[in-house]
Amino acid sequence: MVRDLIIFIYLTFFKVVFTFFKLFPLKNKITFVVSFGDNSLFIYEELKRQERDSDIVFLYKTNVRHDFRKLLDVTAIPFESNNVFDTLKGIYHLATSKHIVVDNYYGFLAAVQFKVEVTCTQVWHASGALKKFGLLDRSNSMRSEKDLARFKKVYKNFKQVLVGSEEMAKIFMEAFNIEETRILRLGIPRTDLFYDKEMKDLILKKLTNEIPITDDKKVILYAPTYRDGQLDSFDIQLDLKKMFDELKDEYIVILRLHPVIANKLGSLEQFPNFAYDYSSHIDANELLLITDVLISDYSSIPFEFSLLKKPMIFYAYDLVEYKEERGLWDDYEEMVPGPVVFSTDEVISCIKENQFDLAKINDFDKRWNRYSTGNSSQRFVNYIFDNNK
């Protein structure tokens, strides 16, 4: 009850202020609202490369990994913070920008109505999806009718939703209850990295200087999804002691956990020259460039890793519970392009016995990255500035 009242007051405030600022004329301006930021950064770089005549604003959530204040020629404002003046400035930019780009669900969209000329594009934060979200999220059964109505108002404000595949287009149409005409098939901007040899070489050089990677050792990246409740109780399910004993001569392990739970990981000193915590590393895709074997579960990382055509293991130790609580888009074992295992012993066995089907990974890549072909940022910038005048 109290939560509903707080939401009502906030959205009412947002609507009143937005409606006032909407009286001001639209400006040649693009405003990014970011929780993740990876796609937005690639779009920003393309805007600068093309020298587009447009003001650029970043409204960033305070927990975002990137520091947008360091970017050249942009206005960067903390968004939905406790600072009233920052909130007012953010609403002003939202009401006066010709182009809005969002990368997540934002409740404020339920309270606004953009001018007809404005494009609001959802670029999302994942190239694909294993777990259900949006209107098909299992947790919606606990929601009120008011909550669901608010969600639909948010989704209605997405004038277009960017995708890298027909598979993801179908998912968005169901999750957001949107029409096929609102799907923008231009590919995912941040996947441009995997086609940029110069940028890849720079990243590889930087990371190999930071991490003791040698020619005779391969890199395993463990990147599990964040699970509800881990803030209160976290226990890494991958047995690093077993991994160390069995694989230390041929491999090193990099851990990419949620930054908050990574603080509860403890010391890795007992696994010298083997285990490294890179949970705070800004860009997961950079780590993928040095990875030989990916271990994940329900995360979206495998969708982009498949572009590299390298082995993956799906360590779904809680598959039965996760299916029940969160819901998955399809049959998990059929959907993922690698062995599904339930213990560290099975993980080790897969690696030692090379139990991978690269043809399956290649098919997975073709399905999920159909439109992500190395020029997605360019195509997106051209589309919103040249097709929406």
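Predicted model: local features only at pLDDT ≥ 70, side-chain atom pairs only at ≥ 80, totals over all residues.
Residues are numbered from 1 along each chain as its sequence is written, and side-chain values use heavy atoms, with hydrogens and water left out.

**Exercise 1. The sheet around E9**

Work out the strand order of the open six-stranded sheet, and find which strands stand at its edges.

Step 1. Strands (E, at least two residues) and helices (H or I, at least four) are DSSP runs, numbered from the N terminus. Two strands pair if DSSP finds at least two bridges between them.

Step 2. Reading across the sheet gives E10-E9-E8-E11-E12-E13, with parallel pairing.

Step 3. The edges are E10 (275–277) and E13 (340–341); each has a single partner strand, so one side of each has no neighbour in the sheet.

Step 4. Now zoom in on E9 (residues 251–255), which is joined to E10 by three bridges. Val253 sits opposite Ala275 of E10, and Leu255 has Asp277 as its bridge partner there. With E8, E9 pairs in the parallel sense over five bridges; here Lys218 stands opposite Tyr251.

**Exercise 2. Is E9 enclosed or open?**

Decide how much of E9 is buried, then look at Ile252 in detail.

Step 1. Buried means under 20% relative accessible area, exposed over 50%, and partly exposed in between (1.4 Å probe, protein chains only).

Step 2. Five of the five residues of E9 are buried, so the rest of the structure largely encloses this strand.

Step 3. Check both faces: Tyr251, Val253 and Leu255 are buried on one side, and Ile252 and Ile254 on the other.

Step 4. Pick Ile252, which counts as buried at 1% relative accessibility. Contact means heavy atoms within 4.5 Å. Leaving aside neighbours within four places in sequence, Ile252 has contacts that include Ile211, Val219, Ile220 and Phe274.

**Exercise 3. Cores and cysteines**

Find the residues with the most contacts inside the largest nonpolar core, then count the disulfides.

Step 1. A nonpolar core is a set of buried Ala, Val, Leu, Ile, Met, Phe, Trp, Tyr and Cys residues joined through side-chain atoms within 4.5 Å.

Step 2. The largest such core has 84 residues, and Phe133, Phe172, Phe176 and Tyr332 have the most contacts inside it.

Step 3. Not counting residues up to four places away in sequence, Phe172 touches Trp124, Phe133 and Ile183, among others.

Step 4. Another core lies apart from that one, with 26 residues, including Ile220, Phe244, Tyr251 and Phe271.

Step 5. A disulfide is a pair of cysteine sulfur atoms within 2.5 Å, and the count here is zero. Cys120 is buried at 1% relative accessibility, and Cys350 is buried at 3%.
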